[in-house]
Amino acid sequence: MKLIQKLFDGIKPNFQKGAKWEKFHTLYEGHRTIVFAPDLVTKSKGAQIKDATDLKRVMITVVIAMIPALLFGILNIGHQHFIATGETGTFLDKAIFGAMSVLPILIVSYAVGLATEFTFCVIRNHPISEGYLVTGMLIALVMPPYIPLWQVALATIFAVVIGKEVFGGTGMNILNVAMTARAFLYFAYPAQISGDLVWTSLADKPAVDGFSGATALAVAYNSSIDGTPVVDALSKHNAAMGADYSFMSMFMGWIPGSIGETSTLMALIGAVILVATGVASWKIIVGGFGGAYAMGLVMNAFAGNGLDVNQFMAMPAHYHLVMGGLAFGVVFMATDPVSAAQTELGKWIYGILIGVFTVIIRVTNPAYPEGIMLAVLFMNVVAPLIDHYVVKANKKRRLQRATV
Amino acid sequence: MSIIVKLKKGFDLNLAGKAPLELLQVASSSTFALKPADFPGIQRPKVLVNEGDTVKAGTPLLLDKAMDQVLYASPVSGEVVEIKRGEKRKLLEIKILADKKITHEKGTPIDLSQNRESIVAQLAASGTWPHIIQRPYGIVANPTDVPKAIFISAFDSHPLAAEVNFLLQGEERYFQAGIDALAKLTTGKVHLNVDGSKAVPELFSSIKQVQLNQFSGPHPAGNVGVQIHHLDPINKGEIAWTVSPFGVAQIGKYVIEGIYDASKMVALTGSELNQRGYVKTYTGAQVTPFLKDNTQAAHIRVISGNVLTGENVGAEGYLGFYHSQLTVIPEGEYEEFLGWLKPSASKLSFHKAIGMFSFLNRGEFKVDTNTHGEERPFVVSGVFEKVLPMDILPTYLFKAIITEDFDEMEELGLYEVIEEDVALCEFVDPSKNELQQLVRQGIELLMYS
């Protein structure tokens, strides 16, 4: 330890005031405080002691909560590859294939994002904030496995600059940064992030006959056009290859999709970590799942009365919870404390509406089979409005007290 | 009619270094100081003595030209040895070298059957008046105001705090007299708020002329601001007063005997003191004799008050006017390898983020002054709300102060809080913002504009 300390001390003079790299002192300090928690002490007035938890620890908690989803995503990408090509692969083959697809995306996301972040810290003379630890992982996990790396890089730069830095950096952004990256790609390069062909990496091998790369949501949507009940269509999908879209396999996550989003189980493990450590609001998570389920039931009620516009409406409500990225989005995206509602009542409303809008977009809007991305971004925008009314109610209570 | 309030929100810091309830024999301090900075409301301090003057206990040393009825008196008799000024001649300390035997300025006992004005006038000049604090703002009360009620918190829930009934033993008669005097000052009630989790000490249960309320729950249940919020909250334009139990007894002593007696007991606490307990001294005592041959580590922080709201006074400094506690803890000037990642059950934390297992640790925590991280913008939400048992949205209040939005500050309840009420918010904040200072800035914005 002494050695690393000496190493840092050795280069320190270069970053001090007046020295040649003075401008980069924020980078020096940023790196030193990662290796060593800083030797700062409390001011002479005010709290003389501080809690042992800092933002770095909070952020790393979120990263750790995402690791099950990441590892499963790596394995599943290999798994999907071997299904699509009709080859047989061992556990190790699948993991290696998955890692080869995922790690480059993860590395590009972190490298490009951190470089952008550092540039702004130097220009603005801000300390390096920990927010990107989480964002970097999130961006990678919401990408399709086949995405060109330059698109990952471009989306990352867009999200960090336009989604965050223009508002003043970490803690000031309005939209969830990772969702901004995904939405950017979705609208700028739809060919690589939507449709049936991008969710499974074939690695230039031919797909096995009869294979369809459509996601569960796409299958559900298509079934509503040809009139077959959604559950039947899902269970028959790719059944010849031994890979159906049953409730269980969707819950486990053995389905194609973005890298980290497929497994509801892994998202729930993440949710348990986040809630147990108090880092994410359980109200948003429960609200999100509850809202989606309730809206699913409402759709079912319409479908039963002959008011249905499509078969999708009749799909059992609990299927919504395991399809697509709902679980991942509700657990990791919606709970981003900066872009979510910040009042306790507001968190309930925010979470529930995310679930409700996700299902509405999925079922009724043919252009966007996945609703969670747009629902989260929309609710990010609405969150300050929700909070505004919760805060107003608080002010009103205070005012009424004065006049009684 | 007494009110029982059970609070759930908050956080008790179980620190190492509690003071046993015993009186220590320590050589007395020889110098004492009056520090204008202890009274945040003072605008234009005027010193009434010169270096070299001899004074008695109760001789006025200082007044605020903006409120010149209130006199700030010398705690001891002796010689004014130094009037210390800082940058721009800002008055820092008036130091008195104490006589071996303290003599008192002889005033006249106060006849409580007089009208309110003359009682107020006598108290304001007595030296005891600065114990009366005005809410909103947490400043020395203005004698021309009439408060809607007076609130006394009879227990201190801060970490390692002194036991209030131990501080007041033998002062029962004065305490009642102080209450009687305060009851004359308000048109409303005098609230005496005791710890509802324990049996009410006889000292308080036998007191007349008060409404006895019980508060239980974790810190900040003992904060008078929290108690006011649940009893009779302060709205815009209203004024309430608060007095510490020690202040009540001191006022009572003046009422009965006509002297300003600044003798008080002080709790010596903190993990770095070898011998902990209580000592008898006077307000504003120099801390040096309490530390002599009594500290463990070389690099220590000497805090007048408690670890949440106190002030670093250094090993040669003086106790604050309102403080009955000295806390000595280690300084934390060290770098810790991967300190933000290492799991630990011995580092005190309100949070349970990965690796923080202190919530499993029921023992005492030894804390130092390390900040455990750098300052950041607000990111995490919902944490402050868990340690502030008031119907206030702290994050929004802080943001209103940062943006200097006067209407928002008022509407979000800045009239109801002072520094000590947000001290826990400052402690638990993972973004390490200085929220107590921020609240004082907000208060000053509201006061002076």
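A residue counts as buried if 20 or more other C-beta atoms lie within 10 Å of its own. This briefing applies that criterion to chain B of a predicted model. Chain B contains twelve helices and 20 strands, and buried residues make up 55% of its 449 residues.

**Overall form of chain B**

- The radius of gyration of chain B is 21 Å, which agrees with the value near 22 Å that a compact globule of 449 residues would have.
- Taken along the principal axes, the box filled by the C-alpha atoms of chain B is roughly 65 × 50 × 50 Å.
- Of the contacts in chain B with a separation of 6 or more, 69% join residues 24 or more positions apart.

- Strand 17 of chain B spans residues 300-304, and five of its five residues are buried.
- In a regular strand the side chains alternate between the two faces of the sheet.
- In strand 17 of chain B, one side carries B:I300, B:V302 and B:S304, the other carries B:R301 and B:I303, and all of these are buried, leaving both faces covered.
- Strand 19 of chain B (residues 325-330) pairs with strand 17 of chain B in the antiparallel sense over five bridges; B:R301 has B:I329 as its bridge partner there.
- Strand 18 of chain B (residues 311-312) also pairs with strand 17 of chain B in the antiparallel sense, over two bridges, and B:N312 is the bridge partner of B:I303.
- Six residues lie between strands 17 and 18 of chain B in their hairpin, where B:G305 takes a positive phi near 105 degrees.

- Three strands of chain B form an open sheet in the order 3-5-6, with antiparallel pairing.
- Strand 3 (45-47) and strand 6 (67-73) of chain B stand at the edges; each has a single partner strand, so one side of each is left without a neighbour in the sheet.
- Neighbouring strands of this sheet are turned against each other by 30 degrees on average, direction ignored.
- Three bridges link strand 3 of chain B to strand 5 of chain B (residues 60-64) in the antiparallel sense, and B:P45 has B:D64 in strand 5 as its bridge partner.

**Helix 9**

- Helix 9 of chain B (residues 394-402) is largely enclosed by the rest of the structure, because seven of its nine residues are buried.
- The buried residues of helix 9 of chain B are B:P394, B:T395, B:Y396, B:L397, B:F398, B:A400 and B:I401.
- Just after helix 9 of chain B, B:E404 adopts a positive phi of about 55 degrees.

Note on methods. Residues numbered from 1 in each chain as written. Chains lettered and ligands numbered in written order. Predicted model: local features only at pLDDT ≥ 70, side-chain atom pairs only at ≥ 80, totals over all residues. Buried ≥ 20, exposed ≤ 12 C-beta atoms within 10 Å, placed from the backbone. Helix = DSSP H or I, 4+ residues; strand = E, 2+ residues; numbered from the N terminus. Pairing = 2+ DSSP bridges. Axes fitted to C-alpha atoms, helices over the stretch in contact; angles between N-to-C directions. Rg over C-alpha atoms; globule rule 2.2 N^0.38 Å. Contact = placed C-beta atoms within 7 Å.
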